[in-house]
Amino acid sequence: MKDREPLFSSKNLKLLTNPLNDDNPITVQVLGICSALAITAKLEPAIVMTFSVVVVLSVSNVVISLLRNYIPPRIRIIVQLTVVASMVILVDQFLKAFAYDVSKQLSVFVGLIITNCIIMGRLEAFAMTNKPWPSFLDGIGNAAGYGVILVIVGFFRELLGSGELFGWPIMEKLGIYNIGYEDNGLMILPPMALMVVGVIIWVQRAKNRELIEDK
Amino acid sequence: MKLLRNYINKIKPNFEKGGKFEMFHSTFDAIETFLYVPNTVTISKGAHIRDTMDMKRSMIVVFIALIPSLLFGMWNIGHWHFLAFGEDASFWMKFGFGFLKVLPLLVVSYVVGLGIEIFFAQKRRHEVNEGYFVSGFLIPLIVPVDTPLWMLAIAVVFAVILGKEVFGGTGMNILNPALTVRAFLFFAYPGWMSGDSVWIAGMMKKGNEVIDGFSGATPLAEAAAGNIGNMPSKLDMFLGVIPGSVGETSVLAILIGAVILIWTGIGSWKIIVSMIGGGLIMGLVLNLFAANPYMELPAWEHMLLGGFAFGAVFMATDPVTATQTEKGKWIYGFLTGVLAILIRVLNPAYPEGVMLAILLMNVFAPLIDHYVVGANIKRRLKRVKVKS
């Protein structure tokens, strides 16, 4: 009998860490941009969004992976959608019950997790052909890779746009307004999220030149 | 002069490949070609003729064309400052006051912008491009005089890096860098960029009281509010004795610049003419509807208001961001004029539409060129006869 692969073998760990770095869903695969623009004006919704996506993606990855041998290929997209939709509804209800304010802020974007390309992408590309445990890790890794970018963008946009972090007026406490500083209104506008993501992509590619696409 | 040339020739080897200061080659090259026309000559192959009119020389013409606007703007800033605070002042006091107000803006714009340019040129081992010479000069002319210097610096960093260097530097940018600075300031710090008190030096400062009955509103703002009667006389608007950004108030000074640009062939007269034509036609169309006093404003008066003249002469004609084809220039200028008046009159959120119109058309310029070239190819293909 074949040796069982350890739970955290190096191959499995890669599933977890790659999306955080060289295979990041936002900056390298350029997926899930829309929600990155919509909910990163402040840090709190960005973090809540991250956790929602972690839950939705990891659980649906596992479910689809368990079902993968029973899903007729022709209707696989519908099955995937059903699973994701159920998860999204669960998360949405959970947020409404326990984090009503944030849920209000995120408004339709929780429901729109279902359209997040990262989720369908991972189900199609990974969960359909892999066992549940690697699928679970892959889900967490990709959602976290997505979340890292959200948090970085959210951090800069909230800090420079409203002078706060998690709603705490850090710029005011530091007394920076007294020397003439003012919040940058452009940071709160959606285009700036795109530019911050662009700058992150630039920095990442400058560090790792292999990521630069061929012309 | 000879001395300088000899000195440069003497130190030149140090900056060439293998020299002591090889890493500063870009900086050295920038200074040398700024001072003297480069001595590159046409090789014997090919039919190109190399003119002494290189990019640095043509930039300097734009520079000269801008000087009337700058000088007038300095006087105008002082004039309105002393008027607002009810002080009498001589011509030179007004000019001196304005000079001291505008100078820091110029210095910040150049130091920050050129600093970034040189940094990128060194890093990429390019020559330092002269593109920023004109942008750096334009920037202080199109912002309100009291713009805090740190804001200007941030805006310049933003515009030069994200508006220009990421696309590959001078000649590759999609948007006009000077207008990108203004757009950044406009959206990031709206409180400093519009309103009735930003245009007069000293009026934004708390505790400074203007004299009774003084309003710093620009004619454009009065028109937008429907107070056509409050607008200054046409002559004042033409001469530029009105509140506004530093260099854009005087249509007369801009016209002098326009003559220089058109005469030397550096600015495209087609863009200027078609943009004014577009603005006039849009103005006339609005006159037809005439739903409010602003829409009834005679179309030609729009040319005197706000940044229209400045935008048409110095911004829309930017050779990098405008269309390249001759037919495209007509289309580009016309649409810019139409959009400028359309945004200005019909969108209450943006009191001045020229900036947004030019930026928008900058984005569309390559598309216009694409179709103009395509149409030309199609037209000429019809003449081709295939021999069977």
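**View 1. B:W330 in helix α15 of chain B.** B:W330 lies in helix α15 of chain B, helices being DSSP runs of H or I with at least four residues, numbered from the N terminus. In this predicted model, where local features need pLDDT of at least 70, side-chain atom pairs count only at pLDDT 80 or more, and totals for chains, interfaces and linings use all residues, side-chain values use heavy atoms, without hydrogens and water. Residues are numbered from 1 along each chain as its sequence is written, and chains are lettered from A in the order in which they are written. B:W330 has a relative accessible area of 34% and is therefore partly exposed (between the limits of under 20% for buried and over 50% for exposed, 1.4 Å probe, protein chains only).

**View 2. The nonpolar surface patch of chain B.** B:W330 belongs to a nonpolar patch on the surface, whose members, including B:W269, B:F289 and B:F334, have together about 1000 Å² of accessible area (Shrake-Rupley method, 1.4 Å probe). Helices α12 (269–289) and α15 (326–346) of chain B each contribute at least two patch residues, and α12(B) gives the largest share, six residues.

**View 3. The interface of chain B and chain A.** Between chain B and chain A about 930 Å² is buried, 73% of it from carbon and sulfur atoms, buried area being the accessible area (1.4 Å probe) that two parts lose on being put together, summed over both. Of the area that chain B buries against chain A, B:W150, B:F187 and B:Y189 supply 38%, more than any other three residues. The elements giving two or more residues to this side of chain B are α6 (149–163) and α7 (177–188), and the largest share, five residues, comes from α6(B).

How values were computed: Patch = residues over 30% accessible without salt bridge, like charges linked within 9 Å, V, L, I, M, F, W, Y side chains within 5 Å. Salt bridge = Lys/Arg side-chain N within 4 Å of Asp/Glu carboxyl O.
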